[in-house]
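Here is a short report on one protein model. Look at the sequence and the structure first, then read on.

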Amino acid sequence: MSEPGGRPGPYSPWPQPKQSSTTAIALVTGSVLVVVVMALVFLAWGYPGFLRKPDGEAGGVIWTATTSSSPRTTVSGTPAAIPGGRAPMPKRAKPLADPVTCAFTPDPTSPAPKKVALPPDGPAPSKGTVDVRLATTAGDIGLTLDRALAPCTVVNFLSLARQGFYDGTSCHRLSVSTGLQMLQCGDPTGDGTGGPGYTIRDELFPGLTYGRGVLAMAKTQAPDSGGSQFFLVFGEITIPPEYTVFGSIDDPGLDVLDRVARAGTDPAKPGIGDGSGPPKVPVTFTRVS
């Protein structure tokens, strides 16, 4: 009999059998092996940087599951269902001042693999929209950038596009999981670790929502850590309101994304361990104008 905590109790109903030295050695060896295996499992899946990338590294989309289970994907990597139509675009309850003042911060710890000048600091309009065309190997995707939602993010995107930063880059991450159906692009390295060598401020507001047809910036877990990576939402998505929405996707563009999504991820290429990975149908920007 033992007391709580494993200490010997005052009574012992029967004597404990003595174990042989061989048995004791086997038990000790087995215990050590179990501890080693558990330690390796913890390092591999619980410790960022050992066998997996840290959560949110290099502009990765961070999401919060609505239930205790992880987002589900089918075995084949194709989406179970993609909703039609489009989600309503979020709107600011109170319009921004016009103009607003933008500022962009160099990031010496993350040099740009593709040289680019910082967008200009200073005033930027917070009214009006700008149409942009993503010419890709999978088909054209039309965007409407909305200055009323995120004027400085629009300035940043247009600056990168005009400098040819996105030309020749590929969308590196497709997710078709329930609760996270999006295509992530904008990394010049093509693996989710690259950016423009500077960061931009988040432009968030109460009531921010996401859904099919929304264009938003990717970032790390840290605030104000966006740069060049963005994601295109083609289906269901459940993420916290921490990602700047700065425009929408046109219907032909959603058709392109649907075709890419139906083909699923490429099993021959490595993902990041959450069911997402490079799309089987490559999406490379030939020109952004």
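## A residue and its contacts

Leu-143 is in contact (heavy atoms within 4.5 Å) with Val-130, Asp-131, Val-132, Leu-134, Phe-157, Leu-215, Leu-232, Ser-248 and Ile-249, leaving aside neighbours within four places in sequence.

This is a predicted model: local features need pLDDT of at least 70, side-chain atom pairs count only at pLDDT 80 or more, and totals for chains, interfaces and linings use all residues. Residues are numbered from 1 along each chain as its sequence is written, and side-chain values use heavy atoms, with hydrogens and water left out.

## The cores

A nonpolar core is a set of buried Ala, Val, Leu, Ile, Met, Phe, Trp, Tyr and Cys residues joined through side-chain atoms within 4.5 Å. Buried means under 20% relative accessible area, exposed over 50%, partly exposed in between (1.4 Å probe, protein chains only).

The largest core has 44 residues. Leu-143, Leu-145, Phe-157, Phe-230 and Leu-232 touch the most other members. Helix H2 gives the largest share, seven residues. A second, separate core has 15 residues, including Leu-149, Tyr-210, Ala-218 and Ile-237.

## The sheet

Strand E4 (residues 129-136) pairs with E12 over three bridges. Thr-136 has Phe-285 in E12 as its bridge partner.

Conventions
Two strands pair if DSSP finds at least two bridges between them. Helices (H or I, at least four residues) and strands (E, at least two) are DSSP runs, numbered from the N terminus.
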